[in-house]
Amino acid sequence: MTTSVPRLVIAAPSSGSGKTTVATGLMAAFAARGLAVSPHKVGPDYIDPGYHALATGRVGRNLDAYLCGPELVAPLFLHGARGCDLAVVEGVMGLYDGAAGEGELASTAHVAKLLRAPVVLVVDASSQSRSVAALVHGFASWDPRVRVGGVILNKVASDRHESLLREALDESGVPVLGVLRRAAPVETPSRHLGLVPVAERRAAAVEAVAAMAATVSEGCDLAALEALARAAGTLPADSAPWTPGPPSGPPEPPAGKRAPRVAVAGGSAFTFSYAEHTELLAAAGAEVVTFDPLRDERLPEGTAGLVVGGGFPEVYAAELSANEPLRKAVAELALSGAPVAAECAGLLYLCRELDGRPMCGVLDASARMSERLTLGYRDAVAVGDSVLAPAGTRMRGHEFHRTVVEPGAGAAPAWGVRAPVRRVEGFVQQGVHASYLHTHWASEPGVARRFVERCRTS
């Protein structure tokens, strides 16, 4: 077992400094050098990992100390980095920004410390010269346990500007590992919840990642960055790769029966999911099959359970509504009592309507777009028994949407949530569990096992 994967954390003083461009570009540049690169993202972001996957050819994975607990960060990292030569971890927000009211919890700095990884600080230098040294010094000295191993200067205007910045940083003791000039931004369009996912613009996304790689290769000292990554050393001695199931593998189905088939929604409308969820379902004995609600008019043959994660159904409401055969198939499956797990976008899809367009009608609720962004971590407890968890199960989740569902909870709610205000939310009816909360099942592996067992017996 190896616990010495070379690794870097790409951080910044604030959002908008260029972390995604640098991290994705570095991943692609190292991969172009023949290295097997493991891509990671701090926090609950689903979109950046799609670009990371394009850059590396490997699944992009999240490291979230709030959703999964600090104790799972290193194991999940090692699970994703198996067989890799180097890992690049893209941070979230500013280096020291964590869960609201929770100190450093879930911040990039927290994850860097848990991984014992050097940090490369990406600084937007567009409106400063000598002051950059004070900024970098402050970030590098704020927490002595966070090792800022270098800085990449972004949006540098000219040779003269670069010279002034380098001269100032000579006094800080933090080496400059890259300089990126002001240029037209790499084309990565955004909308109401962030970047447009790779699944919706694959050809353009491939070009964007190639442009990021070229920019980073030209402006950064890749040899010095690789050397810094290799200086990371070992992870804590008790670290071991996370595994989705027992070493013996998934349980054998009863004689004469096949593994229960779990259909997982994918395609452009449902892109928000953690790779570990399907791994956990498979480890629990399920046959996992992906389908596209925008194109497939029926569920996969023999579907025993359905998982509909997050994404952008509001963007594709017309197309989802037009696929009436699939909407009816989903409603019939739910009516049969089969297990159905839906998060956020999945919740909207199960509603009676979305922005006036008919959806599956599994839930007697209506969904609509809103101007208000709902965003944040949540502590939740299962209000009653469901296909995912017994009553009283505590999990942490994350909300991220610009939609409203009315009513917000059914007669049997899914979760009781403590913050920002005490409330109940979501729906549990027959085999359906539908909620706005995104959860990470690695934090509670019993969720997948319970779901698959219900698929066997429903």
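Predicted model: local features only at pLDDT ≥ 70, side-chain atom pairs only at ≥ 80, totals over all residues.
Trainee: OK, strand E4 then. How many of its residues are buried?

Mentor: Strand E4 covers residues 86–90, and five of its five residues are buried.

Trainee: Which strands pair with E4?

Mentor: Strand E1, residues 7–11, runs parallel to E4 and is joined to E4 by four bridges, while strand E2, residues 37–42, pairs with E4 in the parallel sense over five bridges. For landmarks in the structure, isoleucine 10 has glutamate 90 as its bridge partner in E4, and histidine 40 has valine 89.

Trainee: And helix H8, which residues are buried there?

Mentor: In H8, which spans residues 222–230, the buried ones are Leu222, Leu225, Glu226, Leu228 and Ala229. They cover an arc of only 155° around the axis, and therefore they sit on the same side of H8.

Trainee: Switching to charges, how many salt bridges are there?

Mentor: A search of the whole structure finds 24 salt bridges. One of them joins the side chains of aspartate 48 and lysine 41, at 3.3 Å from N to O.

Trainee: Are aspartate 48 and lysine 41 buried or exposed?

Mentor: Aspartate 48 has a relative accessibility of 6% and counts as buried, and lysine 41, at 4%, counts as buried too. The cut-off behind that word is a relative accessible area under 20%.

Trainee: Which residue does arginine 61 meet in a salt bridge?

Mentor: Arginine 61 meets glutamate 279, with 2.7 Å from N to O between their side chains. This pair links distant parts of the chain, since arginine 61 belongs to strand E3 (residues 61–63) and glutamate 279 to helix H9 (residues 275–283), 218 residues apart. Arginine 61 counts as buried at 9% relative accessibility, whereas glutamate 279 counts as partly exposed at 23%.

Trainee: What about glutamate 104, where does its salt bridge lead?

Mentor: The side chain of glutamate 104 meets that of lysine 113 in a salt bridge of 2.6 Å, N to O. Glutamate 104 is partly exposed, with a relative accessible area of 32%, and lysine 113 is buried, with 15%. Through salt bridges that share partners, Glu104, Lys113, Asp143 and Arg145 are joined into one network.

Trainee: New topic, how many cavities of 30 Å³ or more are there?

Mentor: The count comes to one cavity of 30 Å³ or more, and the largest cavity holds about 40 Å³ of space. Ten residues line the largest cavity, and the closest to its centre are Gly311, Glu314, Cys344, Leu348 and His401. Strand E17 gives the most to this lining, with three residues. By class, the lining of the largest cavity has five nonpolar, three polar and two charged residues.

Trainee: And how much space lies in the second largest pocket?

Mentor: About 900 Å³ of space lies in the second largest pocket. Its lining takes in 43 residues, and Phe270, Thr271, Phe272, Ser273 and Tyr274 are the closest to its centre. Elements that give two or more residues to the lining of this pocket include helix H2 (48–56), strand E10 (261–265) and H9. By class, the lining of the second largest pocket has 24 nonpolar, 16 polar and three charged residues.

Trainee: Which residues other than glycine have a positive phi?

Mentor: Methionine 93 is one of them, with phi near 50°, and lysine 155 is another, with phi near 60°. Methionine 93 lies in the loop between E4 and helix H4 (108–115), and is partly exposed with a relative accessible area of 37%. Lysine 155, by contrast, is found in strand E6 (residues 148–156), and is partly exposed with a relative accessible area of 32%.

Key. Residues numbered from 1 in each chain as written. Heavy atoms only, no water. Buried < 20%, exposed > 50% of the residue type's maximum accessible area, 1.4 Å probe, protein only. Arc of directions from axis to C-beta. Salt bridge = Lys/Arg side-chain N within 4 Å of Asp/Glu carboxyl O. 1 Å grid on protein atoms, 1.4 Å probe; cavity = no way out; pocket = protein on both sides within 12 Å on 5 of 7 lines; lining within 4 Å. Points joined across faces, edges and corners; volume = space filled by probe spheres on them. Nonpolar A, V, L, I, M, F, W, Y, C, P; charged D, E, K, R; others polar. Pairing = 2+ DSSP bridges.
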